[in-house]
Amino acid sequence: LATDDPEALAAARRESGGMRVMALDFDRAALSGDWFLEFRTQERGAGVRANSVTMSAAADLMLLSECDFFVGTFASHLSRLAYELMVARRGYFPPYSSVDYPWCFHPLEKKDVPGFGEVNC
């Protein structure tokens with residue numbers, strides 16, 4: 001599970017129904033904020049180290065790509081990449097549920113998607 005919310009991790013483990021729930025042991029408190037993370041890594045005293053963020057993201061991608069199914073947001077490039085790596089590893093589209101947009105092949109092109117309106121597809 002890749003989440004910035006420790007309560008979400010606790011709930012997932014509590015309600016897993018016997019499924020194994022894994023998460024990185026990484027304090028994500030420094031990752032939350034109103035400013036883009038990539039800018040906060042450049043700001044002295046922000047408490048965000050680019051090296052830690054990069055390694056955490058790479059580990060999240062590796063672990064997420066090995067999951068059996070995907071639940072997440074396709075508005076996030078990191079989430080889309082994790083799902084694309086799942087597809088590449090398996091050779092087929094594993095089951096997924098997006099909490100915002102449907103899967104589409106081109107995230108930088110705006111299209112009207114029935115039921116969702118105009119989204120980056």
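Guide: Rings of Phe, Tyr and Trp (its six-membered ring) pair if their centres lie within 6.5 Å; planes under 30 degrees apart count as stacked, over 60 as edge-to-face, and the rest as tilted. By this rule, ring pairs link F70, F74, Y83, F93 and Y96 into a cluster. This is a predicted model, where local features need pLDDT of at least 70, side-chain atom pairs count only at pLDDT 80 or more, and totals for chains, interfaces and linings use all residues. Residues are numbered from 1 along each chain as its sequence is written, and side-chain values use heavy atoms, with hydrogens and water left out.

Visitor: How many aromatic pairs does the rule give?

Guide: The count comes to six aromatic pairs.

Visitor: Why is the pair of F70 and Y83 called tilted?

Guide: The ring centres of F70 and Y83 are 5.7 Å apart and the planes stand at 55°, so the pair is tilted. F70 sits in strand β1 (residues 70-72) and Y83 in helix α4 (residues 77-90), so the pair links distant parts of the chain, 13 residues apart. Helices (H or I, at least four residues) and strands (E, at least two) are DSSP runs, numbered from the N terminus.

Visitor: What makes the pair of Y83 and Y96 edge-to-face?

Guide: The angle between the planes is 65°, and the distance is 5.1 Å centre to centre. An angle over 60 counts as edge-to-face. This pair also links distant parts of the chain, with Y83 in helix α4 and Y96 in strand β2.

Visitor: Is Y83 buried or exposed, and how do you know?

Guide: Buried means under 20% relative accessible area, exposed over 50%, partly exposed in between (1.4 Å probe, protein chains only). Y83 has 0% relative accessibility, so Y83 counts as buried. Y96 has 37%, so Y96 counts as partly exposed.

Visitor: Why does W103 count as buried?

Guide: W103 has 16% relative accessibility, so W103 is buried. W103 lies in the loop between β2 (96-98) and β3 (110-113).

Visitor: Which residues does W103 touch?

Guide: Contact means heavy atoms within 4.5 Å. Leaving out residues up to four places away in sequence, W103 touches F74, R80, Y83, E84, F93 and Y96.

Visitor: Why is S79 called buried?

Guide: S79 has 17% relative accessibility, so S79 counts as buried. S79 is in helix α4. Neighbours within four places in sequence aside, S79 is in contact with F70 and T73.
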